[in-house]
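Student: I am new to this structure. Could you take me through the terms used for it?

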Amino acid sequence: MSLLILIAALAIEEYWASNQPNRLQRLIERYADWLAQHFNGGQPYQGLLAWVLGALLPAIGAGVIGGLLWWGLGLLGWLWAALVLYLSFGFKTARGHMNKIALALRAGELEAARDELKRWRPGSVEALGADGVD
């Protein structure tokens with residue numbers, strides 16, 4: 001059954017993924033930014049709290065929902081598992097950006113590689129050399 005869930009998640013990834021971030025991805029990124037702003041004070045307990053809020057609680061929630069669906073309605077549990085796995089992938093989107101970055105670096109176009117990296121992962125990339133971009 002696990003292999004079928006993996007195949008379903010990869011099929012969803014191939015069908016729906018695009019180079020444009022989806023709404024859920026933007027929501028997750030805003031939540032991560034919020035966690036970084038409020039819990040990035042340099043204290044170990046702040047990092048632990050951010051990890052609990054950003055990773056542990058969502059994972060527990062997804063597991064509980066999946067378990068209840070699997071127990072009550074087996075097919076919905078299967079679909080939930082495939083959906084959660086799909087949401088954790090992002091391979092196709094990453095692959096497109098990485099290919100563009102690699103092509104630009106091979107052509108010696110560091111600025112084009114930086115621009116693509118900035119489109120993919122916004123932030124300061126100006127200080128990165130070719131080793132930092134790849």
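What follows is a short talk about names, cut-offs and values.

Tutor: This is a predicted model, in which local features need pLDDT of at least 70, side-chain atom pairs count only at pLDDT 80 or more, and totals for chains, interfaces and linings use all residues. Residues are numbered from 1 along each chain as its sequence is written, and side-chain values use heavy atoms, with hydrogens and water left out.

Student: How many helices and strands are there in the protein?

Tutor: Seven helices and zero strands. Helices are DSSP runs (H or I, at least four residues), strands likewise (E, at least two), numbered from the N terminus. The pattern along the sequence reads α-α-α-α-α-α-α.

Student: What makes Phe39 count as buried?

Tutor: Buried means under 20% relative accessible area, exposed over 50%, and partly exposed in between (1.4 Å probe, protein chains only). Phe39 has 18%, so Phe39 is buried. Of the 134 residues of the protein, 22% count as buried.

Student: Is Leu68 buried or exposed?

Tutor: Leu68 has a relative accessible area of 55%, so Leu68 is exposed. Leu68 is found in helix H3, residues 44–72.

Student: And what about Gln46, buried or exposed?

Tutor: Gln46 is at 15% relative accessibility, so Gln46 counts as buried. Helix H3 holds Gln46 too. Leaving out residues up to four places away in sequence, Gln46 touches Phe39, Asn40 and Gly41. Contact means heavy atoms within 4.5 Å.

Student: Why is Leu53 called partly exposed?

Tutor: Its relative accessible area is 25%, so Leu53 is partly exposed. Leu53 also has its place in helix H3. Beyond its neighbours within four places in sequence, Leu53 is in contact with Tyr31, Leu35, Phe39 and Pro58. Leu53 and Leu35 are 18 residues apart along the chain, and their C-alpha atoms are separated by 8.2 Å.

Student: How do you know that Tyr31 and Trp34 form a stacked pair?

Tutor: Rings of Phe, Tyr and Trp (its six-membered ring) pair if their centres lie within 6.5 Å; planes under 30 degrees apart count as stacked, over 60 as edge-to-face and the rest as tilted. The structure holds two aromatic pairs. In one of them, Tyr31 and Trp34 lie 6.2 Å centre to centre with 10° between the planes, and the pair is stacked. The two are three residues apart in helix H2 (residues 23–39), so about one helical turn separates them.

Student: Why is the pair of Trp34 and Phe39 called edge-to-face?

Tutor: The ring centres of Trp34 and Phe39 are 5.9 Å apart and the planes stand at 75°, so the pair is edge-to-face. Tyr31, Trp34 and Phe39 form one aromatic cluster. Tyr31 is partly exposed at 34%, and Trp34 is partly exposed at 39%.

Student: Which residues make up the largest nonpolar core?

Tutor: Six residues: Ala94, Ile101, Ala104, Ala113, Leu117 and Trp120. Helix H5 (91–106) and helix H6 (110–120) each supply at least two residues of this core. A nonpolar core is a set of buried Ala, Val, Leu, Ile, Met, Phe, Trp, Tyr and Cys residues joined through side-chain atoms within 4.5 Å. In soluble globular proteins, nonpolar side chains tend to be buried together.

Student: How much of the accessible surface of the protein belongs to carbon and sulfur atoms?

Tutor: The accessible surface comes to about 9600 Å², and 66% of that belongs to carbon and sulfur atoms. Such areas come from the Shrake-Rupley method with a 1.4 Å probe; for residues, only the protein chains shown count as cover.
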